[in-house]
Amino acid sequence: MKLSHSILTIASLAVCSLAPALLAHAKTPQQLSAKIDGKLFESDDDGITYLIPTKGVLNLIAVTKGASTYPPPKTLSDRLGIICKNFNGKPVKYQGKDFGSNGCEVKFTKGQSKQPFGEPVAEYEVRDGKNMFEITSVNGKVIEGKFSFELKDKKTKAVLSIVDGTFKAEDRQL
């Protein structure tokens, strides 16, 4: 009985001492904004996912501000996804030649369907053009930067312009 009480006490102390460290990982407010076809697109702290690269691959995803709340909004949300190879945890600038199969993939989904496997309003992917994604600051698990892209609709081939993009994101994996 004394042994199990001692083990329980030690386990409780360990959990209590680790709790602040576990909660401290989400201390940087995240943000992402850009003008997409002239309209403001914003994501909020809960709508941004940034994963510290494994094998040098950066992954940054942002959904429309408020889309991650519960209950979810009744309106459709948009989603921007950026994946870049060859990221070594330092400031870097990816430009024209670095996009497509050469390093960075960018996808924008307009009006994600709320139905499983449902069709979005439109899906755009990076095309040859004026593309730029820059990590201007790396501070531990937090990155900051700016971006602009030219994307094309998968079906109609219509061009979508994304300009004046800025972001601050934190890797919140434990």
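1. Strand 2 (39-43) and strand 7 (104-110) each contribute at least two residues to the lining of the largest pocket. Strands here are DSSP runs of E with at least two residues, numbered from the N terminus. A pocket is an open set of points on a 1 Å grid over the protein atoms alone, with protein on both sides within 12 Å along at least five of seven lines, where a 1.4 Å probe fits; lining residues have an atom within 4 Å of a point.

2. This is a predicted model, in which local features need pLDDT of at least 70 and side-chain atom pairs count only at pLDDT 80 or more, while totals for chains, interfaces and linings use all residues. Residues are numbered from 1 along each chain as its sequence is written, and side-chain values use heavy atoms, with hydrogens and water left out.

3. The largest pocket holds about 220 Å³ of space, a volume being the space filled by probe spheres set on the grid points. Strand 2 gives the largest share of the lining, four residues. Among the lining residues are D37, E42, T64, F108 and Y124. By class, six are nonpolar, one is polar and five are charged.

4. The count of aromatic pairs is eight. Rings of Phe, Tyr and Trp (its six-membered ring) pair if their centres lie within 6.5 Å; planes under 30 degrees apart count as stacked, over 60 as edge-to-face and the rest as tilted. The pair of F133 and F149 is stacked, because the ring centres are 6.5 Å apart and the planes stand at 20°. F133 lies in strand 9 (residues 132-139) and F149 in strand 10 (residues 142-153), so this pair ties together parts 16 residues apart in sequence.

5. F167 is buried, as is F133. One aromatic cluster is made up of Y94, F99, F133, F147, F149 and F167.

6. There is one disulfide (a pair of cysteine sulfur atoms within 2.5 Å). C84 is joined to C104, with 2.1 Å from S to S. The link is right-handed, with 115° about the S-S bond. C84 in strand 5 (residues 79-84) and C104 in strand 7 are 20 residues apart, so the pair links distant parts of the chain. C84 counts as buried because its relative accessibility is 0%, and C104 counts as buried at 0% too.

Methods:
Nonpolar A, V, L, I, M, F, W, Y, C, P; charged D, E, K, R; others polar. Buried < 20%, exposed > 50% of the residue type's maximum accessible area, 1.4 Å probe, protein only.
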